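Visitor: Hello! I am new to this one and would like to understand the words used for it. Could you show it to me?

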Amino acid sequence: MTGFFINLLTWINNVVGNYGWSIVVFTLVIRLVLLPLDIKSKKSMRAVSKIQPKLQALQKKYANDKEKLNQKTMELYRKEHVSPTAGCLPMLISLPILWIMFSAMRTLGNEYTIQMILDMKNTGKLPDLQSWLWIKNVFQPDSFGATILPAVNSTLNMIRPTNASSVLTAENIAAAVEYLKSSEYSKLAAQLAPASAFNIVQLNLLFFRPTMILPNSISNLFQYGNGLFILPLLAGASQFLMTKIMNGKQTKEQKELQQAQQGQDQTNPMNSPVMKWFFPIFSVWICATSNAAFSIYWMAANVIQIVQQLLVNWYFDRKDAEAAAAAQNASDDI
């Protein structure tokens with residue numbers, strides 16, 4: 001599946017001509033493919049919400065008999081043609097896609113990096129970078145402290161040969177690493193990140209040891225930093241907003257029922273402290289430590305899904321209003 005995503009992204013990039021915008025187009029295609037599942041999930045979740053009074057009545061009636069409560073609850077779901085687990089389906093599909101995309105972006109970034117270094121070695125010139133809006137190189141992190149060109153310790157030491165790539169061969173990687181340690185590369189890299197303008201800091205974190213290049217002056221942030229740390233912040237904010245929208249509004253009765261069910265909201269899998277707070281924080285962290293290409297996908301996926309959710313909510317709200325108006329007119333005629 002990773003190879004399929006890479007091939008699709010490469011094809012889109014051949015048409016669009018920019019990897020940043022190609023990822024946005026790719027993300028839009030993925031979200032459109034998943035849209036029917038999102039609509040089905042939202043429909044199921046709203047159906048469960050509508051039978052909350054009946055669920056609450058069962059909860060009170062069989063408060064001391066959990067086995068009977070589960071049996072009657074399932075009978076109610078079958079009678080109302082409701083699937084309480086349907087709301088989980090889009091998330092169960094989206095998460096594997098997310099990790100496949102992470103792998104695809106890492107592979108593409110590694111290939112791009114190796115090819116870029118080899119081209120610099122052969123031509124002795126700085127390469128044409130894959131930029132996107134404020135980001136100078138989408139295959140480096142969107143951060144003030146990220147270098148525009150790759151550093152030996154933080155980048156190429158993580159790249160491994162693979163038989164699935166004609167670029168990521170042991171020979172090419174060894175040649176790239178050797179060139180990165182040469183004075184020729186240092187001279188070219190100095191044109192984008194002068195050593196006199198930066199302090200090099202090695203961070204020893206839990207699972208990785210990134211090398212950050214910290215500027216000695218504010219002006220160097222914009223001139224030599226690869227990004228502005230906008231994508232990680234947008235990813236976290238959009239993840240939080242998306243969770244709020246998918247949670248929707250709960251009535252007092254629904255909240256009481258949720259608490260009675262030992263804190264588990266069966267109508268919405270997104271309504272949990274883990275999803276509400278951990279995922280946005282995790283979004284910031286992973287986008288800050290990944291290349292900007294993956295961060296673009298994460299942020300774009302969130303924004304597109306937010307728009308989809310708003311439109312789907314509007315559609316179902318309108319249908320409910322029309323049904324309520326029709327029922328009211330029917331009762332008035334009687």
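This is a predicted model: local features need pLDDT of at least 70, side-chain atom pairs count only at pLDDT 80 or more; totals for chains, interfaces and linings use all residues.

Visitor: Which helices and strands does the chain have?

Guide: There are twelve helices and two strands. Both are DSSP runs numbered from the N terminus: helices are H or I with at least four residues, strands are E with at least two. Along the sequence the pattern reads α-α-α-α-α-α-α-β-β-α-α-α-α-α.

Visitor: Why are helix 1 and helix 2 called oblique to each other?

Guide: The axes of helix 1 (residues 2-16) and helix 2 (residues 19-50) come within 9 Å and cross at roughly 120°. Axes are lines fitted to C-alpha atoms, for helices over the stretch in contact, and angles run from 0 to 180 degrees between N-to-C directions. Under 35 degrees counts as roughly parallel, over 145 as roughly antiparallel, 65 to 115 as roughly perpendicular and the rest as oblique. Helix 1 and helix 2 are therefore oblique.

Visitor: What makes up the contact of helix 1 with helix 2, by class?

Guide: Among the residues that meet are Phe 5 and Leu 8 in helix 1, and Tyr 19 and Trp 21 in helix 2; contact means heavy atoms within 4.5 Å. By class, this contact has eleven nonpolar, three polar and no charged residues. Ala, Val, Leu, Ile, Met, Phe, Trp, Tyr, Cys and Pro count as nonpolar, Asp, Glu, Lys and Arg as charged, and the others, Gly among them, as polar.

Visitor: What makes helix 2 oblique to helix 3?

Guide: Their axes come within 5 Å and cross at roughly 55°, which makes helix 2 oblique to helix 3.

Visitor: How do you know whether Ser 143 is buried or exposed?

Guide: Buried means under 20% relative accessible area, exposed over 50%, and partly exposed in between (1.4 Å probe, protein chains only). Ser 143 has 12%, so Ser 143 is buried. Ser 143 is found in the loop between helix 5 (89-123) and helix 6 (170-180).

Definitions and conventions
Residues are numbered from 1 along each chain as its sequence is written. Side-chain values use heavy atoms; hydrogens and water are left out.
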